[in-house]
Amino acid sequence: MTATPDIPLIDVGRWRTGDPSERAALASRLDRAMQDSGFFLVSGHGIPADLRDRLRAAARRFFALAPAEKEPYRCAPGGRGWIAKGMEANAFYGEEPDAARADLKETLTSGRDHRTGDAALDEEWFPANVWLPQVPELEQLCAEYTAVTWQLYLDLMQMCALALGLEESWFTERSRDAPFTFNINRYPSLADTGTPLEGQYRVGPHTDWGVLTILDRQPGYGGLQVQGLDGEWTDAPFVPDAFTVNIADLLARWTGDRWRSTRHRVLPPSADAPDEELISLIMFFETDVTAVVEPFAPPVGGGAWYEPVTAGDYLLERERAATVA
């Protein structure tokens, strides 16, 4: 294994149109990256840059509202609405988050508009989204973006299944009633936040909780870093128009740690760019919340064993741990 994380660029367009041998080669490349870093970049996705630009512009109009205008939409992490700066502190699983060093960000969050037919399940996992009359275009833009990104997720989960030697539909069959969370994160400038505390970040070192994360990010001084096998932190590569994708804890657990859910963080605002403000579009994808996640036995799984866990119970536990206000 290399000390520097292997984060390759994978063309999902080739997956969509390739013959079986080409698809197998792409799945093998993904498998290698999942074992080494848990991260890869995705090109060829076909999601228009203009859609992402318009979504960011609308989000900036929301974030620019006075706090009193946003306050009626405040929610806790895991909810749908506005998560104010200071309400969330990401930390590695099992570590106590430090409320005094809460993440230097604010978030507009929404989720999948879906019904399973189970009223209790729908109330818990598919509540109504919150849309603001001050920025009416956000609802349609978010609907467009989540629809095309959901299709990308399904393609990538088929690739994951093939990489593990499973039927291509193995994961997608278990995602029919899966929730997702769409976070639009604003990372304020240094001029806005003031000097960060020692050990304070835009997003603290953590692993993601669920199955797969698809991130559209902007490059900057206060950007994304990934922790290597040697414990050192490395700037994640940035390729224009490519998404950054990483697996999360439930998928790593499912694979018996054959694949790595890797610690990552977003650096605090830098004095080298005191006016830098970044907007990230982050889609957190899950499996069906009723799915029981039990590690695959070798040779599919990596050999690590975890007690079976119901996906929904696990996600709620992680959500509670990240909430500090």
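Colleague: Are W150 and F285 buried or exposed?

Modeller: W150 and F285 are both buried, a class that requires under 20% relative accessible area, where exposed means over 50% and partly exposed lies in between (1.4 Å probe, protein chains only). The model is predicted, so local features need pLDDT of at least 70 and side-chain atom pairs count only at pLDDT 80 or more, while totals for chains, interfaces and linings use all residues. Residues are numbered from 1 along each chain as its sequence is written, and side-chain values use heavy atoms, without hydrogens and water.

Colleague: How many aromatic pairs does a search of the whole structure find, and why is the pair of W150 and F285 called tilted?

Modeller: The search finds 11 aromatic pairs. Phe, Tyr and Trp rings (for Trp, the six-membered ring) pair if their centres lie within 6.5 Å; planes under 30 degrees apart are stacked, over 60 edge-to-face, and the rest tilted. For W150 and F285 the centres are 6.0 Å apart and the planes stand at 50 degrees, so this pair is tilted. The two residues are 135 apart, with W150 in helix α6 and F285 in strand β12 (residues 278-285); helices (H or I, at least four residues) and strands (E, at least two) are DSSP runs numbered from the N terminus.

Colleague: Why are W170 and F171 called edge-to-face?

Modeller: Their ring centres are 5.1 Å apart and their planes stand at 80 degrees, so the pair falls in the edge-to-face class. W170 counts as buried because its relative accessible area is 19%, and F171 because its value is 2%.

Colleague: What makes R174 a charge over the ring of W170?

Modeller: The definition asks for NZ of Lys or CZ of Arg within 6 Å of the ring centre and within 35 degrees of the ring normal. The charged end of R174 sits over the W170 ring at 3.6 Å from its centre. R23 likewise lies over the face of W15, 3.8 Å from the ring centre.

Colleague: Why is L212 called buried?

Modeller: L212 has 2% relative accessibility and therefore counts as buried. This residue is found in strand β7.

Colleague: How do you know that the span of helix α2 is close to the expected one?

Modeller: The expected span is 1.5 Å times one less than the number of residues. Helix α2 (residues 20-36) has 17 residues and reaches 24 Å from first to last C-alpha, close to the expected 24 Å. Among its buried residues are R23 and M34.
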